[in-house]
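The following exercises examine one protein model step by step. Each task is followed by a worked solution.

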Amino acid sequence: MTEMTRRDHLALLAAGLALGAGPAAAQAVRWSGGTDRPRIAVPANATDCHHHIYDARFPAAPAATLRPPDASVDDYRTLQRRLGLTRNVVVQPSTYGTDNRLLVESLKAFGPSARGVAMLDAGVAPDELRRLDTAGIRGVRFGTRLPGGAPITDLEPVARKIADLGWHIQLVSEGETIVALKEVLERLAVPVVFDHMGHLPEPAGPDHPAFRVIADLIATRGAWVKLTGAYILSKSGPPAYADRGRLARAYVALAPERLVWGSDWPHPTAPAEAKPDDAGLLDLLAEWAPDPAVQAKILVSNPARLYGF
């Protein structure tokens with residue numbers, strides 16, 4: 001490279017930074033397939049409502065079986081820049097159980113543009129809840145798919161404790177279990193957020209009985225659904241995940257005002273050599289909800305209501 005070429009290159013780079021522009025070239029991100037930017041027009045204040053942070057400085061819960069490698073705040077910021085997102089929700093993974101120290105540390109690093117979903121058991125004290133609320137926590141996650149969190153029997157007492165804070169319960173569970181929990185979910189003092197589209201299995205998708213349970217909870221109890229994890233249960237596979245698209249479109253037709261989107265980065269259940277393309281996952285929203293006004297609801301205004309941005 002000649003001196004003039006190097007000087008020209010640096011001048012162009014400085015001009016781009018002065019304008020606030022991101023890099024023009026494709027960008028690789030750890031634990032994300034692909035390098036391209038999304039094709040979808042990403043609105044201002046768009047939110048990734050579901051991702052995780054992992055750090056080996058923090059011990060895994062003894063019962064946890066999902067123990068992926070580190071995925072840092074800085075790694076995620078690189079993904080944000082690639083996708084054009086500005087707000088994010090960090091979700092406590094089963095790996096750390098009810099030890100939320102890394103989650104709180106991550107929220108502090110991200111600042112006011114981030115919120116969190118913790119894992120807590122029935123023994124959580126009021127002072128701890130207030131501390132977590134100040135840190136940006138807005139929900140409590142319970143799961144039945146992987147060990148490492150609080151028992152599902154703690155769901156109702158925790159819901160009662162968080163009701164006055166305006167938080168929600170986030171549930172990661174299989175379709176069959178959602179049907180079995182129907183009466184419990186109807187009794188909760190707070191709304192339920194179903195992550196990964198309720199994990200309704202394929203090929204049933206929206207024909208599974210759990211879809212009606214979720215629909216009734218949306219109508220009567222203000223439940224929400226995360227349009228996340230299309231790659232997890234898909235049988236048709238990338239890039240379209242057409243079977244999960246059928247389920248996502250059913251939710252969009254049902255209640256677009258109760259939906260949010262998330263990347264699920266760093267995709268802890270996907271093999272290291274087969275991580276999904278996060279830009280491609282975001283672009284799926286254009287197929288599931290073709291109306292830009294609906295996309296803006298799912299990416300901006302719905303998350304603002306759910307998480308208090």
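## Exercise 1: The surroundings of N88

Leaving aside neighbours within four places in sequence, N88 is in contact (heavy atoms within 4.5 Å) with T47, D48, H51, Y76, Q80, F110, S113, A114, R115 and F309. The model is a predicted one, in which local features need pLDDT of at least 70 and side-chain atom pairs count only at pLDDT 80 or more, while totals for chains, interfaces and linings use all residues. Residues are numbered from 1 along each chain as its sequence is written, and side-chain values use heavy atoms, with hydrogens and water left out.

Task: State in which element N88 has its place, and whether N88 is buried or exposed.

Solution. Step 1: N88 belongs to strand 2. Helices (H or I, at least four residues) and strands (E, at least two) are DSSP runs, numbered from the N terminus. Step 2: The relative accessibility of N88 is 0%, so N88 counts as buried. The term buried means under 20% relative accessible area, exposed means over 50%, and partly exposed lies in between (1.4 Å probe, protein chains only).

## Exercise 2: Helix 2

Task: Explain why helix 2 is described as largely enclosed by the rest of the structure.

Solution. Step 1: Helix 2 spans residues 73-83, and eight of its 11 residues are buried, so the helix is largely enclosed by the rest of the structure. The buried residues are V73, D75, Y76, T78, L79, Q80, R82 and L83. Step 2: These buried residues pack against strand 1 (47-51), strand 2 (87-91), helix 3 (101-110), strand 8 (259-261) and helix 11 (278-288). Step 3: V29, in the loop between helix 1 (3-18) and strand 1, is in contact with D75, T78, L79, R82 and W265, leaving aside its neighbours within four places in sequence. The C-alpha atoms of V29 and D75 are separated by 6.9 Å, although these residues are 46 residues apart along the chain. Step 4: After helix 2 comes G84, whose phi is positive, near 80°.

## Exercise 3: The nonpolar cores

Task: Name the residues with the most contacts inside the largest nonpolar core.

Solution. Step 1: A nonpolar core is a set of buried Ala, Val, Leu, Ile, Met, Phe, Trp, Tyr and Cys residues joined through side-chain atoms within 4.5 Å. Step 2: The largest such core has 80 residues, and I169, L171, L185, F194, L227 and Y251 have the most contacts inside it. Step 3: A second, separate core of nine residues includes V117, V193, W224 and L306.

## Exercise 4: Backbone features in loops

Task: Identify which peptide bonds are cis, and which residues have a positive phi although they are not glycines.

Solution. Step 1: The peptide bond from E202 to P203 is cis, with omega near 10°. The bond from P238 to P239 is also cis, with omega near 0°. Step 2: H196 has a positive phi of about 55° although it is not a glycine, and H196 lies in the loop between strand 6 and helix 8. D264, likewise not a glycine, has a positive phi of about 70°, and D264 lies in the loop between strand 8 and helix 11. Step 3: H196 is buried at a relative accessible area of 6%, and D264 counts as buried at 3% relative accessibility.
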